[in-house]
Amino acid sequence: MQPAATRALIGIDIGGTKTLGIARSDTGEVLGKTFEPTREGVGIASHAVEMYHSLREQVTRSEVSVSSLGIGIAGLVDVGGRLHRAPNLVDADGLEICQMVESEIDVPVHVDNDVNCAALAEIESGAAAGAQNALLVTLGTGIGGSLIVDGAVHRGAFGMAGEPGHMVVDPNGVLCACGMNGCWEAYASATGLRNLAIRRAKDGQLEEISEAVQGNFEGITSEDLTRSANQGDKQSLAVVDEFARWVAVGLANCAALLDPEMIIVGGGLIGDWHLFGQKIDESFHELLVASGQRSLIPIKPAENGEAAGAIGASLLGRTQ
């Protein structure tokens with residue numbers, strides 16, 4: 001029997017609210033795609049199995065052979081593929097996701113943090129191509145991070161390096177989904193943007209948004225804020241400036257520790273990079289220690305969009 005001419009690599013990115021699956025050829029051609037809401041608890045493992053079979057059906061032809069499944073997941077994942085802590089995934093802590101999924105399918109399974117996967121995509125064909133030392137930070141439901149050291153993703157001693165979202169920036173601050181107070185994520189993610197908007201609305205600001213939600217401040221979303229800011233509402237734009245400052249605080253802390261040649265920002269919020277980008281850059285260089293006496297650290301938007309995690313997850317079978 002002749003071997004299949006095309007090898008398919010399947011990647012699934014499990015985020016706090018959405019799960020994206022993608023099948024790619026070994027040369028990067030997209031062969032299949034599926035996108036669904038994220039499930040809760042152990043359901044994320046069975047969901048990954050279902051999505052794998054759906055994608056396999058999309059790509060199965062006589063000349064295509066699926067060789068591996070990679071899963072990126074938003075949380076602390078060890079080198080054995082166990083999910084230790086996932087602040088934005090309900091009841092998923094401690095899930096042996098690699099073992100559970102691999103027992104149900106017939107190809108090798110590799111699991112890593114979702115932002116490590118996104119970094120693989122950016123290294124292969126994105127903002128990190130050719131970079132030796134860089135930091136990728138994603139701004140979504142929470143904040144994820146990945147360290148690129150000597151041109152490769154650095155996972156740390158136990159596989160859990162690169163979690164800047166849970167640096168504490170205000171010990172007496174807002175409660176984070178992880179259970180601690182004042183994490184960077186509570187101020188500089190989509191959740192953080194919502195927190196800032198709710199606080200301002202309760203203080204009598206954000207009049208247009210408050211009127212739209214009829215005083216139900218907890219019903220305000222980050223999308224409400226960015227939509228209003230894009231329409232030129234000055235009160236919403238003031239929240240954008242505060243948010244950008246919080247993003248810059250965390251990036252400056254990371255840069256002081258890591259000294260990267262560049263910082264790449266990804267995640268769902270970069271769809272509004274035109275609102276945040278310049279203010280983040282200005283505040284970052286204002287806050288960075290010795291900013292005027294060191295090499296410039298550029299801040300760049302990621303280039304693979306929301307598919308980055310799934311693309312990188314598909315590469316896990318090749319890199320691991």
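**View 1. Helix α3 gives the most to the lining of the largest pocket, with four residues.** This is a predicted model, in which local features need pLDDT of at least 70 and side-chain atom pairs count only at pLDDT 80 or more, while totals for chains, interfaces and linings use all residues. Residues are numbered from 1 along each chain as its sequence is written, and side-chain values use heavy atoms, with hydrogens and water left out. Helices (H or I, at least four residues) and strands (E, at least two) are DSSP runs numbered from the N terminus.

**View 2. The largest pocket has 46 lining residues.** A pocket is an open set of points on a 1 Å grid over the protein atoms alone where a 1.4 Å probe fits, with protein on both sides within 12 Å along at least five of seven lines; lining residues have an atom within 4 Å of a point. Nearest the centre of the pocket lie Leu139, Gly140, Thr141, Gly267 and Gly268. Elements that each supply at least two lining residues include β2 (18-25), α5 (190-202) and α10 (308-319).

**View 3. Five strands form an open, mixed sheet in the order β10-β9-β8-β11-β12.** Strands pair if DSSP finds at least two bridges between them. The edge strands, β10 (152-154) and β12 (299-301), each pair on one side only.

**View 4. Strands β8 (residues 133-139) and β9 (residues 143-149) pair in the antiparallel sense over seven bridges.** Leu136 has Ser146 in β9 as its bridge partner. Helix α3 (residues 114-125) packs on the sheet and touches β8, β9 and β10 (contact: heavy atoms within 4.5 Å).

How values were computed: Axes fitted to C-alpha atoms, helices over the stretch in contact; angles between N-to-C directions.
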